[in-house]
Amino acid sequence: LSAALGGTLSWSLKTSTLAVPMTQAFADVKIGGAGGLVIAAEAGAPPGLDWTRYSVSLVPGTWRLGDLDGPLASAGQIAEVLGAVEFLRLRGEYSGWVDTGSLDTVVLSAVPELPSAVLALAGLALL
């Protein structure tokens, strides 16, 4: 998944209750790579009763090593994890109450490359 470096990870969540929110902070997403390196990130406010869309950029400054209290992950560390992904965990539990959570539309978007025809036209325009 190395091509995703600089891209985004997005997903949608919803829950069946807003009662008894958890007070403990957990990472909303964790990705683990070969060798035990783990990166973690927050995605925003807890989901609502309808679909809530989340998106996290796969760039430095967003991810921390291990958990939310870890140091910021470098571009090299993010690339290392994406080069050999062993797991992807998306948080689904936001309530201390019995509830039902739903997950939908998980998308890993790589940074789009400009087609060579567009690059050729840009070069021609410069000439």
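User: Why is Thr105 called partly exposed?

Analyst: Thr105 has a relative accessible area of 40%. Buried means under 20%, exposed over 50%, and partly exposed in between, with a 1.4 Å probe and protein chains only. So Thr105 counts as partly exposed. The model is predicted: local features need pLDDT of at least 70, side-chain atom pairs count only at pLDDT 80 or more, and totals for chains, interfaces and linings use all residues. Residues are numbered from 1 along each chain as its sequence is written, and side-chain values use heavy atoms, leaving out hydrogens and water.

User: Why is Ser10 called buried?

Analyst: Its relative accessible area is 8%, so Ser10 is buried. Ser10 sits in strand S1. Beyond residues up to four places away in sequence, Ser10 touches Arg53, Tyr54, Ser55, Thr105, Val106 and Val107. Contact here means heavy atoms within 4.5 Å.

User: What makes the pair of Ser10 and Arg53 a polar contact?

Analyst: Their side chains come to 2.9 Å. A polar contact needs a pair of N or O atoms within 3.5 Å; within protein, one must be able to donate a hydrogen and the other to accept it, and residues adjacent in sequence count only if both atoms are side-chain atoms.

User: What makes Asp28 and Arg91 a salt bridge?

Analyst: The closest N and O atoms are 3.6 Å apart. The rule asks for a side-chain nitrogen of Lys or Arg within 4 Å of a carboxyl oxygen of Asp or Glu. The pair therefore forms a salt bridge. Asp28 is in the loop between S1 and S2, Arg91 in the loop between strand S6 (85–90) and S7, 63 residues apart. Both Asp28 and Arg91 are buried.

User: How many salt bridges does this rule give?

Analyst: The count is 2. Lys30 also forms a salt bridge, with Asp67, at 3.5 Å between the closest N and O atoms. This pair links strand S2 to the loop between strand S5 (64–65) and H1, 37 residues apart. Lys30, at 22% relative accessibility, counts as partly exposed. So does Asp67, at 29%.

User: Which residues have the most contacts inside the largest nonpolar core?

Analyst: Trp11, Val29, Ile31, Ile39 and Trp63, in a core of 19 residues. Such a core is a set of buried Ala, Val, Leu, Ile, Met, Phe, Trp, Tyr and Cys residues joined through side-chain atoms within 4.5 Å.

Conventions. Helix = DSSP H or I, 4+ residues; strand = E, 2+ residues; numbered from the N terminus.
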